[in-house]
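We'll hop from one spot to the next, and at each stop I'll tell you what to pick.

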Amino acid sequence: SEKMQRRQSHKTPKQPLHVRRKSQTDLSAWRKGGRIDSEKPLQSHQSANDQKYDSQEASLEQALSYLETVQDHVVLKNSVLQKHLDAVESTALKQGLPPEGFEILLNVVLSGKFADTVNTRLLKSLIPASVIPECSVVKAVSWLCVSKCSGNIQLLFLRWLITMFDFIDRKEQLHALYGIFFFFLQDEKMCPYVCHLLYLLTRRENVKPFRIRRLLNLQAKMGMQPHLQALLSLYKLFCPELVTITLPGKMKIYFKNSDGPWKAAITAVRQRNQGTSPLSQTVFLGICQPQSRKRKWNAHLVIPASSTNTNNLEEDKDKNHVNLYNSNESFPVEQLRTFPQLLQHIHCLEFPSRMGSVLTNPLLLHYMNCVKDESIYLRLYYWMGQMLQEECSWCVVDNPSKEEFKSFLKTIYKAECFLQEGFSACEEFLYKTLPLWDGSCCQSEVLSLVSWIPLSSVSDIKSYLYDPLAQLFFTSSIYFKCSVLESLKELLQNWLNCNVIQEDLEFSSLNTTLSGLVNVVAELVHFVGRISTAALRLENNSTFLLYFILDFYGIVCDMYLKYNLPLLIMPPAGVFYPALLTMDSVNLNQLCHIMYRYRTNLVAAKENELSKKKILQFKFSSQTYQEYNQYITAMVGCLWTSSVFEKDIHPQGLRMDDKLLSKTAVKELKTSFNIVNHPAMMGYSIQFLHQICPDDTTFNFKLIKGKRWDWYLEYLYSQGLKGLKVFIESSIRRVSQAS
């Protein structure tokens, strides 16, 4: 029972720690809890560890007792003081401080009994091993109100509180102090940090007219400061009827980074504690979920302790959750486990103040999809923008690990795929850092994020996205070129999926949106056409590269019918003719299917235009039809009638004079690109001849004519060349009539 009391002692933070009597028990429990391991180490290691932890425990206990009881001002060079400060710092940096130590140390720091040098060292040593009791923070705020310590210590305490916000076990009493924190806005030096703290604490019920007036007065006095804009923006999202002023657009950084002195220490402590045992991972933030060893961003990817009193909620489980339907109650997100729970408590969910944990929780992502709460997106925008800017592997010089940043980008991409929309903070990050990107660091992750760039703000997409990508595209390997094309194909697909024009909507109300969408998509398609033409020349018409290019145009050719977008853009001649003369049957078959879909879309557009059932805002230009007819003439002349060198009328086509053709000295030149002699079809021709004339070894392709030509067509269709089949049946009159 005594051991159980030791284990449970940290759950009653309202009882202050009396170092002389009780700290031995509490610190022992903390020490033993940190040494649980799933595998039994050797006895000698156990003994060594026991001695080490006993020594640390005794040193920390003595240090807390000394710091709490000393009354007189102590000289900084006092050896006893320095010894105890070293003990606190050493323990904090190695394994973090137990919950029971925070009340003592915060009281010491904010009571002003020591010089600022000592208080600064103590504040920088406040690294939690598990959680920080809320009551210790509340008492610290009471010390803040009486101004016993210097202004520098007050600022450092606020920075510490912001950094450790998610380590506080409960936050209900902190929310009750909202008005106290708001009062500190009048201090010009404290104002940025107080705004940051209020930003984390703000709920809808905190937005009051008098507070809005106070913020507007501060804005008039100080100017449009980022921290004031952040709080006003959040207020406006909660109560737009109260905040009637127009605020500037989103800023990349609202608040200054506050976690500088503690960032590395938090990471090191967590890695040591989690590396010790699987159990310690579940108690690091006081929740029962496995935690990652990742750095700061992944620390925020785990749902923090809720501000709701979980003990009271657990006591009410037998009451059919009646109290949870009270609008004043909130349901802690760390208890959210199933989709039915989400549906039951969707009206009273309280999101974590730091939004990183949302990215890895499918239920909270479902909530974001169902409840379009702009405050959630604003918080997520701020948090994600700051994380990306601070930890970018190719922008931050002292970033030791690219793998962790890569994992973070993957997490963002998975969340975007789940939500089926991109994050504006991620878009701004890409626009800002792509000019500095070398194309190799986190390549697949960056290109994946490119595919989810939102359609909302695309005015500068050429200079921010296309130009940096083009520079890397032309100077990189063929594999990078293919990756870029795949990413741009997915970007086009996502734009079209997210902006399908519904036929039952009022067309007139969508004119501006539709016009903008058409312009943006057209710009993307033209960009891909330009870089594809150049890439095929650089890579000697690589069939591998051509596959990805045609895959992109497989979406472009169907935009009118499949996505209801009044836009069709033919591929440039630099793409069409290399595909027509390709050595690979897969690409030729894909080209045939693409041309068939172009025909189907153009015919449907012409029929709609002629029927005049409704007024069309967009009509395909005659140039589109003309270009299609030129391409189809070239394809039929090449694959079927063997007249491509005579009838191809495209300016960049295959038309040649007889004199020039005679100089090639190629026999049967005119039929060299039909479906029998085409380099991509040669293998099928040989196999067909072997089947119908097994004894003939001359491979006389002239035998494939008449009925054998029709048999050959059926043979090609049986080999899976469905694109060739639909193209011939739709574009060749004789075959079309026969079908």
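Leaving aside neighbours within four places in sequence, which residues is Cys-482 in contact with? Select Cys-482 and you'll find Phe-544, Leu-545 and Phe-548, where contact means heavy atoms within 4.5 Å.

Some ground rules before moving on. This is a predicted model, where local features need pLDDT of at least 70 and side-chain atom pairs count only at pLDDT 80 or more, while totals for chains, interfaces and linings use all residues. Residues are numbered from 1 along each chain as its sequence is written, and side-chain values use heavy atoms, with hydrogens and water left out.

**The whole chain**

Zoom out for a moment. The chain has 37 helices and two strands; helices (H or I, at least four residues) and strands (E, at least two) are DSSP runs, numbered from the N terminus. Of its 739 residues, 53% count as buried, meaning under 20% relative accessible area with a 1.4 Å probe and protein chains only (exposed is over 50%, partly exposed in between). Take the contacts between residues at least 6 apart in sequence: 72% of them join residues at least 24 apart.

**Stop 1**

Cys-482 is buried, at a relative accessible area of 3%.

Now show all of α25 together with helix α27 (residues 543-556): their axes come within 9 Å and cross at roughly 10°. The axes are lines fitted to C-alpha atoms, for helices over the stretch in contact, and angles run from 0 to 180 degrees between N-to-C directions. That makes α25 roughly parallel to α27 (under 35 degrees is roughly parallel, over 145 roughly antiparallel, 65 to 115 roughly perpendicular, the rest oblique).

Colour the contact by class and you get 14 nonpolar, one polar and four charged residues. Here Ala, Val, Leu, Ile, Met, Phe, Trp, Tyr, Cys and Pro are nonpolar, Asp, Glu, Lys and Arg are charged, and the others, Gly among them, are polar.

While you're there, select Tyr-479, Phe-544, Tyr-547 and Phe-548, which form one aromatic cluster.

**Stop 2**

Next, pick Glu-416 in helix α21 (residues 402-419). Is Glu-416 buried or exposed? It counts as buried, at 0% relative accessibility. Beyond residues up to four places away in sequence, Glu-416 touches Glu-421, Gly-422, Phe-423, Cys-426, Leu-449 and Trp-452.

Leu-449 is one of the buried residues of α23, so-called helix α23 being residues 443-450, with six of its eight residues buried. The buried residues of α23 pack against α21, α22 (424-433), α24 (461-474) and α25 (478-498).

**Stop 3: α30 and α31**

Select 585-611 (α30) and 622-639 (α31): the axes come within 11 Å and cross at roughly 140°. That makes α30 oblique to α31. The crossing is left-handed, as the near helix is turned anticlockwise from the far one by less than a right angle (clockwise would be right-handed). The residues of this contact divide into 13 nonpolar, one polar and three charged.

**Stop 4: α5 and α6**

For another helix pair, go to α5 (residues 100-111) and α6 (residues 116-124), packed at about 150° with axes 9 Å apart. α5 and α6 are therefore roughly antiparallel to each other. Show Leu-105, Leu-106, Val-108 and Val-109 of α5 with Asn-119, Leu-122 and Leu-123 of α6 to see the contact. The tally is six nonpolar, one polar and no charged.

**Stop 5: an aromatic pair**

A search of the whole structure finds 19 aromatic pairs, counting Phe, Tyr and Trp rings (for Trp, the six-membered one) with centres within 6.5 Å; planes under 30 degrees apart are stacked, over 60 edge-to-face, the rest tilted. Select Phe-688 and Tyr-715: the ring centres are 5.8 Å apart and the planes at 45°, so the pair is tilted. Phe-688 sits in helix α34 (residues 682-692) and Tyr-715 in helix α35 (residues 707-718), 27 residues apart. Phe-688 is buried at 4% relative accessibility, and Tyr-715 is buried at 9%.
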